[in-house]
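Thanks for coming. I will go through one model this morning and keep to what can be read from the coordinates.

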Amino acid sequence: MIRFNHVFKRYEGGYDALKNISFELNRGEMAFLTGHSGAGKSTLLRLIALIERPSRGEAVVNGQDLTKLPRRRLPHFRRDLGVVFQDYKLLYDRTVFDNVALPLAVTGTDPVEIGKRVRAALDKVGLLSKERVYPITLSGGEQQRVGIARAVVSKPSLLLADEPTGNLDAELSDEIMDLFLDFHHHGVTVLIATHDQRQIARLNKRVLKLAHGELEHDSHADTPRSTLL
Amino acid sequence: MKGWLKRHREALGEALARARRAPLATLLTAAVIGITLALPGGLFLGVDNVQRLAQGLETGGQVSLFLKQDVSDAEAGKLAEKIRRVGGVKNVSVITRAQALAEFKKHSGFGEALNLLDRNPLPAVLVVEPARLDPEALGRLSTELGRDPRVEIASLDLDWVRRLHAILEFARRAVAILAGLLGAAVLIIVGNTVRLAVLSRREEIEVTKLVGGTDAFIRRPFLYSGLLAGLFGGAAAFLFVGIALALLSGPAQELAALYGTRFQISGLAGLVFGLPLAGAALGWLGSRLAVGRHLRLIEPK
């Protein structure tokens, strides 16, 4: 699903955000991306979502070579990708329903189908009763669940999350992480950037640890699995 | 095709909803575009009508043949008969020396002075009406008729018609230049309005791009907003022209009455469609020019 081979990301001014990153995430796998702030977690996620391009190296996501994908193909690439943000990135002048419906609206999905799938997604995150309200009236945990519903409503094969529990207390964090785990059990590839060690320990999944822009540790490499993924 | 129609209907709906959410801004933009378009629209109508009026005057184009003093009335009649058979001549009327004198006495106010003269100083005149009102053909006819030895002077007073034509051509071109400039102003007005709208929706555009919205999808409501602004502006321009005409119609009638004619403005029907159509086209183009560039600059962070 994701294959990085000696990937570098250098910003203007010579700052190296990512240095020589190589890893592979198989289809259906779930992994945590961890490390101190400034270690390059967000940069790595931004490269995968093609918000930024790698400076050097080979990066393939969902069969698409990120260094070569033309700009006009970008929207289609992102449609098979769900992204969850720490600050939710909801649109506050639209109802919860319209927020979640956005990924389907941009593809010109039939309104009846949109209704069904938005309600299914909201049901999944436990917010079906809130479809008519505006996000500003919701709590942080609820807003993040709206963000997750929006990320999964188009049934993407890859789900990315950048500090999804960063603004939430422990109990809400558990709920959110359990949602990701559930999507993973349904076959979705999940990559979550977090520095929440409690969640990492609780869920016991593969961990990619970044330090100073380098991949310091990959738990998957220590414990090779017998199953072919 | 069905999908295409649906996408555009949704974009139009979104643009209308945005206009409804900011009624004052929508109204002000329409008013500014309206004033900008009303000026060339009204001037165009004015030039068009003066031209129509001039065409009516042109039917008076005629050749006056002033005969020599020694040509008798009978001779004049014979000459008139001869000219009637010339190609391109519709009618010839004879004003005898006596008639000319009577008319002159009546209209000039020099009647008493003329009585002092011992003989009639006025020549007989043949008024030749041409079949067609082509200035060039008229000129040729005039020269040809002037060659007759009995004719003293052949007068063709077309100069003022030519001058009027020149003035109208000048006015038409001036209006066209003005229309071009003000059309550009509409492009800038709409472009700037749409630019601000794009910037105020930066977040929405970012998120839409993140979930896979194409540039075309994001652009469409902005294009319809521009088109609607132009359309409303064009309608406002028509309203302004209509009000101006209503205010001017009284004095215009009075002026026409002083010249002994009646004057009815025409061509307003063309502006009903022309102004909103021109506005819509300019609005669409203005937003197309503005939105493409700014959309490219807004990318998710």
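**The interface between chains A and B**

On the chain B side, 17 residues are in contact with 21 residues of chain A. Keep in mind throughout that this is a predicted model.

The size of an interface is often given as the accessible area lost when the parts come together. Here the area buried between chain B and chain A is about 1800 Å², and carbon and sulfur atoms give 58% of that. Three residues, B:Val207, B:Leu210 and B:Val211, supply 31% of the area that chain B buries against chain A, more than any other three.

Now the charged and polar pairs. There are three salt bridges between chain B and chain A. One of them joins A:Arg94 to B:Glu204, with the closest N and O atoms 2.6 Å apart. Six residue pairs are in polar contact across this interface, with both residues at pLDDT 80 or more.

Which elements of chain B give two or more residues to the side that touches chain A? They are helix 8, residues 202–210, and helix 9, residues 215–258. Helix 8 gives the most, with six residues. By class, this side of chain B has five nonpolar, four polar and eight charged residues.

**Domains**

Both chains are divided into two domains. In chain B, domain 1 covers 2–57 and 162–297, and domain 2 covers 62–157. The centres of these two domains, over C-alpha atoms, are separated by 55 Å.

In chain A, domain 1 takes 1–80 and 156–229, while domain 2 is 91–154. Their C-alpha centres lie 24 Å apart. The contact between them takes 13 residues from domain 1 and twelve from domain 2. About 1100 Å² is buried between the two domains of chain A, 70% of it from carbon and sulfur atoms. A:Arg79, A:Leu179 and A:Phe183 supply 41% of what domain 1 buries there, more than any other three residues.

Two salt bridges are counted between these domains. A:Glu175 forms a salt bridge with A:Arg145, the closest N and O atoms being 3.3 Å apart. On the side of domain 1 that touches domain 2, helix 6 of chain A, residues 170–185, has the largest share, seven residues. That side divides into nine nonpolar, one polar and three charged residues.

**The sheet in chain A**

Last, an open sheet of four strands in chain A has the order 2-1-4-5, with antiparallel pairing. Strand 2 (16–25) and strand 5 (64–65) stand at the edges with a single partner strand each, so one side of each has no neighbour in the sheet. Strands 1 and 4 of chain A pair over five bridges, and A:Arg3 has A:Val60 in strand 4 as its bridge partner.

Note on methods: Residues are numbered from 1 along each chain as its sequence is written. Chains are lettered from A and ligands numbered from 1 in the order in which they are written. This is a predicted model: local features need pLDDT of at least 70, side-chain atom pairs count only at pLDDT 80 or more; totals for chains, interfaces and linings use all residues. Side-chain values use heavy atoms; hydrogens and water are left out. Domain bounds come from an automatic or database domain assignment. Contact means heavy atoms within 4.5 Å. Buried area is the accessible area (1.4 Å probe) that two parts lose on being put together, summed over both. A salt bridge is a side-chain nitrogen of Lys or Arg within 4 Å of a carboxyl oxygen of Asp or Glu. A polar contact is a pair of N or O atoms within 3.5 Å; within protein, one must be able to donate a hydrogen and the other to accept it, and residues adjacent in sequence count only if both atoms are side-chain atoms. Ala, Val, Leu, Ile, Met, Phe, Trp, Tyr, Cys and Pro count as nonpolar, Asp, Glu, Lys and Arg as charged, and the others, Gly among them, as polar. Two strands pair if DSSP finds at least two bridges between them.
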